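Subject: Structure handover

Hello,

Here is the structure for your files. My notes on it follow below.

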Amino acid sequence: ILHPITAFTCPGPIGSLDGGREFVDWMCETGLEIWQILPICPSDSFGSPYSSWSALSGDPTLVGLRWLNGMKLLELPESRPLEKVDYTKARTEKLTQVMQAAERLLDDPNHWLYADLQDFMQTETWAHEAALFRAIWRQQDNRPWWEWPADLRDKDRNAISQFSTRFERKIKSWQTALFLFERQWQALRNYANSRGIKIVGDMPIYVARNSVDVWAHRDLFQLDKDGQPSAVAGVPPDAYSDDGQLWGNPLFDWTAMRTDGYKWWIQRVKRSIVHCDVLRIDHFVGFSRYWRVPADAENAQGGVWTPGPGRDVFDAIRAELGHLPVIVEDLGQVDQGTHDLRDALELPGMRVLQFGFDGDENNLHNPKQYPPRCIAYTSTHDSPTAAGWWSALSEDHRNWLGFGSNPADASDRMVQEVFQSQASWAIVP
């Protein structure tokens with residue numbers, strides 16, 4: 001099953017890790033063994049974790065208020081679970097509560113988590129870097145890093161040292177919030193594993209331009225000396241959009257990354273597999289070729305396909321971390337080079353039932369065509385629900401499919417189709 005943490009029913013404006021154990025227990029009762037999540041890094045202002053300002057961090061707004069109460073770090077007020085998520089309240093009201101709990105722990109050397117927190121601060125350098133970035137960002141009135149004073153923008157050693165001393169409390173408070181997420185997440189993951197549940201994580205290929213990842217490693221992205229991009233990421237026009245999709249993310253400088261031994265990617269994957277048993281890599285096509293759009297373009301139409309790094313980056317990751325359990329998202333305008341790269345690395349791709357019924361028996365998304373080495377889905381988090389997809393079809397198309405006469409029956413049939421296919425795994429949103 002694919003189920004984001006934010007959809008759990010528990011106190012607070014969005015679902016949190018508080019709902020995890022109950023969900024794992026339900027999975028065990030139903031016989032499900034695989035839980036796929038969406039990215040758990042901090043989201044952007046729209047609530048999307050696919051454009052995070054810190055790719056290596058967990059999201060403190062996902063920490064459970066009940067759990068903080070049980071840790072003696074927060075008095076939990078009476079609150080009823082909401083029927084719909086409220087990401088604005090999560091970034092304001094809830095985050096304030098989490099930060100209060102973090103500061104209480106930071107000020108209590110006698111708390112049973114305090115020694116582990118000190119160890120976390122000493123060893124997890126990514127957390128300090130993220131906390132430093134966030135503190136500067138806030139102190140600069142939420143302006144993006146390329147608009148900061150030059151000494152902070154360019155990470156001048158003296159300027160960073162002075163800032164770190166002046167705002168030490170804010171930096172350590174955010175580090176503590178990150179620690180609380182890691183602590184509760186690992187407890188949930190251990191519980192899921194103890195009950196036979198595998199967790200599939202999700203790693204977007206690109207990172208946000210206004211992120212600690214880009215600020216701290218500008219030389220690894222296609223940016224000029226002032227942090228301005230000459231081109232940005234996107235995808236070309238397709239059946240969903242005449243203009244394509246202009247994502248705007250900075251593009252990787254694959255030559256610089258190769259020279260560096262792909263250390264940034266190795267660290268990123270290493271952090272990702274701390275959180276999950278299997279890792280889904282989003283937009284796998286970008287490693288074979290990527291759509292390079294001029295930075296001043298109004299849409300993605302004028303982009304060009306540009307060769308990616310191929311298997312070099314994966315060979316470097318495997319040399320450092322070993323052969324990892326990975327799923328690749330190989331959807332969209334995928335060329336033969338992408339298929340060849342996927343197969344050369346012996347990685348399973350994705351098959352989506354909704355894409356498979358266009359009358360072509362050889363359509364690779366038709367359940368009859370699924371190879372054993374693939375992961376089958378009824379739909380993805382980007383596409384309509386099974387019921388919504390079926391309801392939008394013409395009456396002739398529905399009759400041709402023969403999936404039933406109403407959305408509920410059609411949904412059941414779609415689940416049966418992927419569960420009975422030859423795919424190694426089947427995952428249902």
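Buried means under 20% relative accessible area, against over 50% for exposed and partly exposed in between, with a 1.4 Å probe and protein chains only. Helices (H or I, at least four residues) and strands (E, at least two) are DSSP runs, numbered from the N terminus.

The model is predicted: local features need pLDDT of at least 70, side-chain atom pairs count only at pLDDT 80 or more, and totals for chains, interfaces and linings use all residues. Residues are numbered from 1 along each chain as its sequence is written, and side-chain values use heavy atoms, with hydrogens and water left out.

E3 is joined to strand E6 (residues 289-294) by four bridges, and the two run antiparallel. Two strands count as paired if DSSP finds at least two bridges between them. Val232 has Val293 as its bridge partner in E6. Strand E4 (residues 245-250) is also antiparallel to E3, with three bridges between them; here Gly234 stands opposite Leu246.

**Two open parallel sheets**

Axes are lines fitted to C-alpha atoms, for helices over the stretch in contact, and angles run from 0 to 180 degrees between N-to-C directions. Three bridges connect strand E5 (residues 278-281) with E8 in parallel, and Ile281 stands opposite Val328 in E8.

Another open sheet has three strands in the order E9-E10-E11, and its pairing is parallel. The edges are strand E9 (349-352) and strand E11 (425-427); each has a single partner strand, so one side of each is left without a neighbour in the sheet. The twist averages 30° from one strand to the next.

E9 and strand E10 (residues 374-377) run parallel and are joined by four bridges. In E10, Met350 has Ile375 as its bridge partner, and Val352 has Tyr377. In a regular strand the side chains alternate between the two faces of the sheet. In E9, Gly349 and Arg351 point one way and Met350 and Val352 the other way, and all are buried.

Helix H4 (114-123), helix H5 (125-139), helix H8 (168-194) and helix H11 (263-272) each give two or more residues to the lining. H11 supplies the largest share, four residues. By class, the lining has four nonpolar, four polar and five charged residues. Ala, Val, Leu, Ile, Met, Phe, Trp, Tyr, Cys and Pro count as nonpolar, Asp, Glu, Lys and Arg as charged, and the others, Gly among them, as polar.

Seven of the ten residues of H11 are buried, so this helix is largely enclosed by the rest of the structure. The buried ones are Trp264, Trp265, Ile266, Arg268, Val269, Arg271 and Ser272.

Regards
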